[in-house]
Amino acid sequence: MSRALQLEFVASATAVDRLPTTRAEIAFVGRSNVGKSSLLNAIAGEKKLARVSNTPGRTQTLDLFRCERGGGTVVDCPGYGYAKVSKSTRRAWLPMLERYMLEREQLEMIVLLVDGEIGPTASDLHMLEWLRQQDLPHTVVATKHDKVKPSQRRNRQQELAARCELPAAAIVSVSVTDETGLTRLRELVREWLT
Ligand SMILES: Nc1nc2c(ncn2[C@@H]2O[C@H](COP(=O)(O)OP(=O)(O)OP(=O)(O)O)[C@@H](O)[C@H]2O)c(=O)[nH]1
Ligand SMILES: [Mg+2]
């Protein structure tokens, strides 16, 4: 097991122009309930740094976490897709998230999380297409690897990659439950933030 990333909460913001100044950022983006906050906690080796919930729509703000000394910032984003929040809040999110991704100059990498058990949804593929159109740096991470039967993992990974139009080797599979892929993801986060 690799050394956990030391993450420390800095601030939450509901608008891009209220974000504090940072040097370099990476953002965890994905459907509501895909496991963004859980993964952030897992790479930090902590349980309660970012709030996790069974109710989709848990994270409603851009939450910034400082990574090690001078190491940059990891941002936990609100999920897109369904959410048990008011329609007006939900309507406000996607433009806010899109603006953040388009305007944040220090954003080095968008980590797009896709559910490794159910595969990319229409909204995931839409987001991926948008990231490509906007020419934004992104990496696809498949979550909840533990929920796929071992005998089906290879196939499922290949299917997911094909639907994303990516080589299978370009996708990092992770699980916070059995810690699959966490070492690799921590290495990548350190690289992206260097
Ligand atoms: N089995 C399994 N469950 C997971 C894993 N990662 C997350 N979960 C569960 O998925 C649910 C949603 O996790 P969150 O981390 O809150 O998801 P999120 O993407 O931050 O959701 P929002 O904040 O609503 O956008 C929780 O019940 C987690 O326990 C995983 O690797 N394996
Ligand atoms: Mg969350």
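Among contacts in the protein chain between residues at least 6 apart in sequence, what percentage join residues at least 24 apart? I began with this count, working on a predicted model, and found that 72% of such contacts join residues at least 24 apart.

**Entry 1, the chain as a whole.** I listed the secondary structure next and found five helices and seven strands in the protein chain, arranged along the sequence in the pattern β-β-α-β-β-α-β-α-β-α-β-α. For the overall dimensions I took the C-alpha trace, which spans about 45 × 40 × 30 Å along its principal axes. I then compared the radius of gyration with the rule for a compact globule: 194 residues would give a value near 16 Å, and the 16 Å of the protein chain agrees with that. Of the 194 residues, 38% are buried.

I looked up the shell around ligand 1 and counted 24 residues in it, the closest being Gly35, Ser37, Ser38, Thr59 and Gly79. Sorted by class, this shell has 14 polar residues, with five nonpolar and five charged ones besides. I also asked which element gives the most to the shell, and it is helix 1 (residues 36-44), with three residues.

I placed Glu46 in the loop between helix 1 and strand 3 (62-67).

I went through helix 3 (residues 122-133), whose 12 residues reach 16 Å from the first C-alpha to the last, close to the 16 Å expected at 1.5 Å a residue. Just after helix 3 I noted Asp135, which takes a positive phi of about 60°.

Which residues of helix 5 are buried? I found Leu182, Leu185, Val189 and Leu193. These four lie on the same side of helix 5, because they cover an arc of only 60° around the axis. On the face of helix 5 turned away from this buried side I found the exposed residues Glu187 and Glu191.

Methods
Residues are numbered from 1 along each chain as its sequence is written. Chains are lettered from A and ligands numbered from 1 in the order in which they are written. This is a predicted model: local features need pLDDT of at least 70, side-chain atom pairs count only at pLDDT 80 or more; totals for chains, interfaces and linings use all residues. A residue is near a molecule or strand if its C-beta atom, placed from the backbone, lies within 6 Å of it. Helices (H or I, at least four residues) and strands (E, at least two) are DSSP runs, numbered from the N terminus. Ala, Val, Leu, Ile, Met, Phe, Trp, Tyr, Cys and Pro count as nonpolar, Asp, Glu, Lys and Arg as charged, and the others, Gly among them, as polar. The expected span of a helix is 1.5 Å times one less than its number of residues. A residue is buried if 20 or more other C-beta atoms lie within 10 Å of its own, exposed if 12 or fewer, and partly exposed in between; C-beta atoms are placed from the backbone. The arc is that of the directions from the helix axis to the C-beta atoms. The radius of gyration is taken over C-alpha atoms; the globule rule is 2.2 Å times the number of residues to the power 0.38. Two residues are in contact if their C-beta atoms, placed from the backbone, lie within 7 Å.
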